[in-house]
Structures are given as C-alpha cells and as structure tokens.
Amino acid sequence: MANIYIVYGSTTGNTEWVAGQLEAQMKAAGHSVSKAKAGDVSADGLCAGKDLVVFGCSTWGEDEIELQEDFVPLFEAFDKIGAKGAKAAVFGCGDEDYKFFCGAVDAITDKLGELGATVVGGKLKINGDPDGAKDAIKTWGDGVLAAV
Ligand SMILES: Cc1cc2nc3c(=O)[nH]c(=O)nc-3n(C[C@H](O)[C@H](O)[C@H](O)COP(=O)(O)O)c2cc1C
C-alpha cells in the first residue's frame with residue numbers, strides 16, 4: 001500500500017473532477033490517498049512521508065503559460081517541497097485551441113525534474129470536458145500506480 005497525496009489547482013472544476021477520479025481509483029486499488037487544493041497546502045516538506053505526490057493543474061493565459069492561480073504560490077515555492085528523490089506524477093486540463101496546450105503540466109514536470117524528483121507515468125493532458133476522458137484517466141492512473 002502506497003501513501004499518495006493528490007494536490008491540484010482548478011478554477012472551473014475540471015481538474016478537480018479528475019483529481020476525484022484518480023483518488024477513487026487509487027483508493028480502490030488499496031492505497032492510502034489524501035487530496036488537497038493547491039491553495040490550501042504549504043510547500044514546506046510537502047513530499048515528506050509520501051510514496052507518490054500527484055500534481056494536477058489547469059493552464060491559463062494566452063501567449064504565455066500561466067498556471068491555475070491557486071497553484072502559482074505553491075509553484076513559486078517548489079524548491080521547498082522536498083522533491084529530491086520523491087516520486088511524482090502530473091496531470092491537467094486544458095484546451096488544444098491554445099498555443100500552450102496544458103502548458104502547466106509541462107512547466108510542473110520540468111520543474112520537478114530540475115529539483116530531482118522522479119516523474120512517473122508520463123504527462124496526462126486532457127482536452128476539453130474531462131468526462132470524455134474517463135478511459136484515458138483510468139489508463140494513466142494504472143500506469144502511475146504500476147510505477148509506485
Ligand atoms: C482565458 C483562458 C485562457 C486559457 N488558456 C489556456 C492555455 O494556455 N492552455 C490550455 O491548454 N488551456 C487554456 N485554457 C483552457 C482551460 O485550461 C480549460 O478550460 C480547463 O479545463 C480548465 O480547468 P479547471 O476547471 O480545472 O481550471 C484557457 C481558458 C481560458 C478561459
């Protein structure tokens with residue numbers, strides 16, 4: 001059984017819904033899962049004692065990548081989360097019509113790599129209504145769990 005923490009930033013509820021799907025899937029697989037909004041957590045030692053931290057964040061902005069607003073303060077303090085040696089996974093919702101489709105997922109993944117985390121499962125980027133991506137979410141969640 002792994003100790004999993006899902007931390008997400010979501011404005012209209014899409015990424016939040018995906019976080020809930022993943023929480024249910026991971027709990028059903030027998031893991032201990034807690035979930036929090038990015039705006040409610042402290043960066044300090046966030047990864048401590050966790051076997052896996054799953055970050056979810058939607059993307060905003062037009063000509064540049066903007067992380068979902070609740071996630072921004074956490075991201076700015078990412079050097080304090082204790083990423084070195086930690087396992088992490090990253091997902092997010094976006095819209096393919098924008099220049100940087102799910103750019104937040106790329107930015108968070110890159111930063112985690114720079115800080116020495118191992119990012120597992122690849123990037124889950126969801127276009128549009130996540131309800132239509134249930135199978136992709138399930139497959140991604142299985143892949144992430146297989147790497148824990
Ligand atoms: C003003 C605005 C800017 C956006 N910018 C991007 C973007 O740069 N890249 C992207 O993939 N999606 C972009 N989106 C789409 C949102 O990320 C998408 O609606 C997402 O599902 C929102 O997820 P949330 O409800 O979890 O916040 C933008 C949406 C709006 C309204």
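A: This is a predicted model, and its ligand sits in the largest pocket.

Q: How much space lies in that largest pocket?
A: The largest pocket holds about 310 Å³ of space. It is lined by 22 residues, and those closest to its centre are T59, W60, C93, G94 and D95.

Q: What kinds of residues make up the lining?
A: The lining of the largest pocket has seven nonpolar, eleven polar and four charged residues.

Q: Turning to the ligand, which residues come nearest?
A: There are 18 residues around the ligand, and S10, T12, T15, S58 and T59 come nearest.

Q: And how does that shell divide into nonpolar, polar and charged?
A: Ten residues of the shell around the ligand are polar, six are nonpolar and two are charged.

Q: Which elements supply at least two residues each to the shell?
A: They are α1 (14–28), β4 (59–60) and β6 (87–94). For the lining of the largest pocket, α1, β4 and β6 likewise each supply at least two residues.

Q: What about the backbone of T15, how far is it from the ligand?
A: A polar backbone atom of T15 is 2.7 Å from an oxygen atom of the ligand. For T59, a backbone N or O atom lies 2.7 Å from a ligand oxygen atom. C102 also has a backbone N or O atom 2.7 Å from an oxygen atom of the ligand.

Q: How much of the ligand does the protein bury?
A: The protein buries 83% of the 640 Å² that the ligand exposes when taken alone.

Terms used. Residues numbered from 1 in each chain as written. Predicted model: local features only at pLDDT ≥ 70, side-chain atom pairs only at ≥ 80, totals over all residues. Heavy atoms only, no water. Near = heavy atom within 4 Å. Polar contact = N/O pair within 3.5 Å; in protein donor to acceptor, adjacent residues only side chain to side chain. Areas by Shrake-Rupley, 256 points an atom, 1.4 Å probe, with all protein chains shown as cover. 1 Å grid on protein atoms, 1.4 Å probe; cavity = no way out; pocket = protein on both sides within 12 Å on 5 of 7 lines; lining within 4 Å. Sits in = over half its atoms within 2 Å of the grid points. Helix = DSSP H or I, 4+ residues; strand = E, 2+ residues; numbered from the N terminus. Nonpolar A, V, L, I, M, F, W, Y, C, P; charged D, E, K, R; others polar. Points joined across faces, edges and corners; volume = space filled by probe spheres on them.
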